[in-house]
Amino acid sequence: MKSHVRVAVIGGGVVGCSVLYHLTKLGWKDVVLIERSELTSGSTWHAAGGFHTLNADPNIAALQGYTIRLYKELEEISGQSCGLHHVGGLTIATSPERMDFLKAERAKHRHMDLHTELVGPDEIRKLSPITNTEGVLGALYDPLDGHLDPSGTTHAYAKAARQQGAEIVLRNRVLELNPRGDGTWDVVTEQGTLHAENVVNAAGLWAREVGEMAGITLPLHPMEHQYIVTDDIPEIYEADQEHPHVMDPGGESYLRQEGRGLVLGLYEQACDPWAVDGTSWDFGHELLPDDLDRIADGLEMAYHRYPVLATAGVKRVINGPFTFAPDGNPLVGPVPGRPGYWSACAVMAGFSQGGGVGLTLAEWMIEGEPSRDVFAMDVARFGDYTTRPFTRVKVKENYQRRFAISYPNEELPAGRPLQTTPAYGLWKAERAVFGSGFGLEHVNYFAPEGEPLFETPSFRRSNAFETVGAECRAVRGAVGINEIHNFEKFEITGPEAESWLNHVMANRMPAEGRLALTPMLNRSGKLIGDFTVAKLDPERFQITGSYAAQAFHMRWFEEHLPKSGPQSGSKSGSKSGVNIENVSLSRIGFQIAGPRARDLLQRVTRADVSNQAFPFLGVRQIEVGLLPAIVQRVSYTGDLGYEIYVASAHQAALYATLTAAGGDLGLRPFGMRAMMSLRLEKSFGSWLREYKPDYTPAETGLDRFVSFKKNAFIGRDAAVEQRDTPPPRRLCTFVVDALDADVWADEPIWKDGEVVGFVTSGGYAHYSEKSVALGFVPSGMAEDGNTFEIEILGEMRPARLITEPLFDPQAARMRG
């Protein structure tokens, strides 16, 4: 074993071997994989080996497509068979809601160039004669689905990596990971110590233990999962062609051919978290005891769906553990607060996602950033709220929902409420219906008396539709109040704070007492942040952005401080006159918005808040009621509005002050559903919808907030090139002739019978009484009044491009 390497990959399953292979493929040869036992010794060897492209996130779906296409290349390079069976796959629907889901997925696939199709019961029986189509409405057919040999595929990755210069060391358990303080690591193993510039945790079932060696708790947990392998079935081995995969989400099962019989796997409700107190180092090439009673209900449904099972014997039962993250997606990327420590964990669908995970990590490590937006599997999408018990209950919920319909408006209940603000009880008393993001409760809307405190999950307009509309009209007609805790907030201080912010942000920093709206770019000029920056004092700034991105952004900030910056694990960092503090939960408050917002604010402060004294994009430190407050003259509603920030201990008092003064002004609370509706009629984009690392300032319109006069900022060269070369596509707003369903995201945009673009987000703009979509189309088509069609749940709906906001197009209200 070498004494020094650029990368040490810990774990010899399919994911670790994929990471090793992709590092060598992209040019890094001085890399080693360390495995405690033999290759495939964890979850890999007993996996069912299926692969598919279906995923709720388009970029993960694309990476799954990359993984599947990679296998033939891998076989050619390594000479090792992956045992590929491209047989296609059916996902069947037995309810109108499931059919809506499949229609939405099919529409999404059109702009992703995935060639799936919807089929009816007759076609299902032709493709899968053993399927009982009683009660089946239809199915989504994907020709790319299939299965492979897990061991052969893992060894193909390993052999190809070795051929390209990598070293693999087996039967050598890692004992310790010790940081040197310069971002490199001493990896202490049973066979000695090596010095690694980077460490990758691809330890699968032992990822928790390898995380603890570095002082971190990764949000993942193993679950037991069972599948059965049948004896020979004549209807299978006498067929002219191999049987396709069939997923029956209503029955919580998946099925595929295995030799002359079948494999049937189930995701049961009575599921068991495994190894709650940790995975034994002695575990490996063994299975867990069979527990058919646990899957009895699922087996009964499967025997109804596939009658041939009733007469087929069971050859063996496979019960083994797999690791899951709370949302079911992998944990990939540099771990915040641990320079040089990378995660490639919780990849429960390793043969669908392993290649994409390996490619992403290798790109990130070698080139400094992945080639596409991978936030949906970024380890930084979770924060330190993910305790072990929280992770366990969310993982169990995710396992139980493996085949559940994912509705765009659904709020899942497990592990809630976890984090709340002082206003939580106040809102609850006003019949708030809550959602959750990044572990924190927020109000979605307020249910009227007599209405349920629950929003019906749906792809169509929900039971909250009229209530949200009333909240929107209250804001536009008088004044609304909404909590602003779910913005991330950082305070940047020190003598070099302004110069550092000018380096990491694309816009010029504001003068004292003013705000600036600014993108943050990566080296490729792609969007990685969308911030409001307030200059509070000569050496003190507040920046606000998306609450769910705070760990993602803090990692970037820390990476771009001088090398000897903040200590590992800190929530704030300082060096060379720059201090960064995350104040997201300690500084909270409310926004007030609407034509009477100024009247309300003036009633509770002695400060002059007239338009002359406190203009748009101003910030003041004033007293509101009894409280010191930071007040920003800006509102995401696009109306006259103010964001009022106070210490968290003062939030309840601030609410009492505002509500006591606003009653006769028509003050009404509103939730996030209303705010997202109001922003649509101003064509305001949203983080991870319109603004994310797949997009540039030029194509989204954020280039108006890029200061090209600055000599240097991260991503400047790329942004200049984008400015000087008109982008091929542009973000536009559309008014849609919708029926009972509005767009959510990823619907295809059609022109003259061809898909020309896609939707980023949308919904119903209640005050303007229009269905609205935001999305990308070719720049040459981005003309006012141009007509398109948007596919919503399988129906083509007319859409008209608009170039002015539906509400207050001259911004007279917002600025007045």
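Hi everyone, and thanks for coming. A word on the model before we start: it is predicted, so local features need pLDDT of at least 70 and side-chain atom pairs count only at pLDDT 80 or more, while totals for chains, interfaces and linings use all residues. Residues are numbered from 1 along each chain as its sequence is written, and side-chain values use heavy atoms, with hydrogens and water left out.

Let me begin with strand 1, residues 4-10. Helices here are DSSP runs of H or I with at least four residues, strands are runs of E with at least two, and both are numbered from the N terminus. Five of the seven residues in strand 1 are buried, so the rest of the structure largely encloses this strand. By buried I mean under 20% relative accessible area; exposed is over 50%, and partly exposed is in between, with a 1.4 Å probe and protein chains only.

Which strands does strand 1 pair with? Two strands pair if DSSP finds at least two bridges between them. Strand 1 runs parallel to strand 12 (residues 192-201), joined by six bridges, and His4 has His195 as its bridge partner there. Strand 1 also pairs with strand 2 (residues 31-34), again in the parallel sense, over four bridges, with Ala8 opposite Val32. Between strand 1 and strand 2 the chain passes through helix 1 (residues 14-25), and this β-α-β crossover is right-handed. The term means that, with the strands pointing away from the viewer, the path from the first strand over the helix to the second runs clockwise.

While we are in helix 1, have a look at Ser18. Ser18 counts as buried, at 0% relative accessibility. Leaving aside residues up to four places away in sequence, Ser18 touches Tyr157, Gly354, Gly355 and Gly358, where contact means heavy atoms within 4.5 Å.

The order is 3-8-4, with antiparallel pairing. Strand 3 (50-51) and strand 4 (85-86) are at the edges with a single partner strand each, so one side of each has no neighbour in the sheet. Strand 4 is joined to strand 8 (residues 146-147) by two bridges, and His86 has Gly146 as its bridge partner.

Six of its seven residues are buried, so strand 24 is largely enclosed by the rest of the structure. Strand 24 pairs with strand 25 (residues 527-537) in the antiparallel sense, over seven bridges, and Pro519 is opposite Asp530. This hairpin has five residues between the strands, and Gly525 takes a positive phi near 80°.

Now for helix 3. The buried residues of helix 3 include Met99, Phe101, Leu102, Ala107 and Met112. Among the elements covering the buried residues are helix 2 (58-78), strand 5 (89-93) and strand 38 (787-792).

Finally, the rings. Rings of Phe, Tyr and Trp (its six-membered ring) pair if their centres lie within 6.5 Å; planes under 30 degrees apart are stacked, over 60 edge-to-face, and the rest tilted. By this rule there are 32 aromatic pairs. In one, Phe101 and Phe459 have ring centres 6.2 Å apart and planes at 35°, so the pair is tilted. Phe101 is in helix 3 (residues 96-112) and Phe459 in the loop between strand 21 (440-446) and helix 12 (465-477), so the pair ties together parts 358 residues apart in sequence. Phe101 is buried at 13% relative accessible area, and Phe459 is buried at 8%.

Another pair is Tyr267 with Tyr399: centres 4.9 Å apart, planes at 50°, so tilted. Tyr267 is in the loop between strand 16 (261-266) and helix 8 (296-305) and Tyr399 in helix 10 (residues 388-400), so parts 132 residues apart in sequence are tied together. Tyr399 is buried, at 0% relative accessibility. Tyr254, Tyr267, Phe324, Tyr399 and Phe403 form one aromatic cluster.
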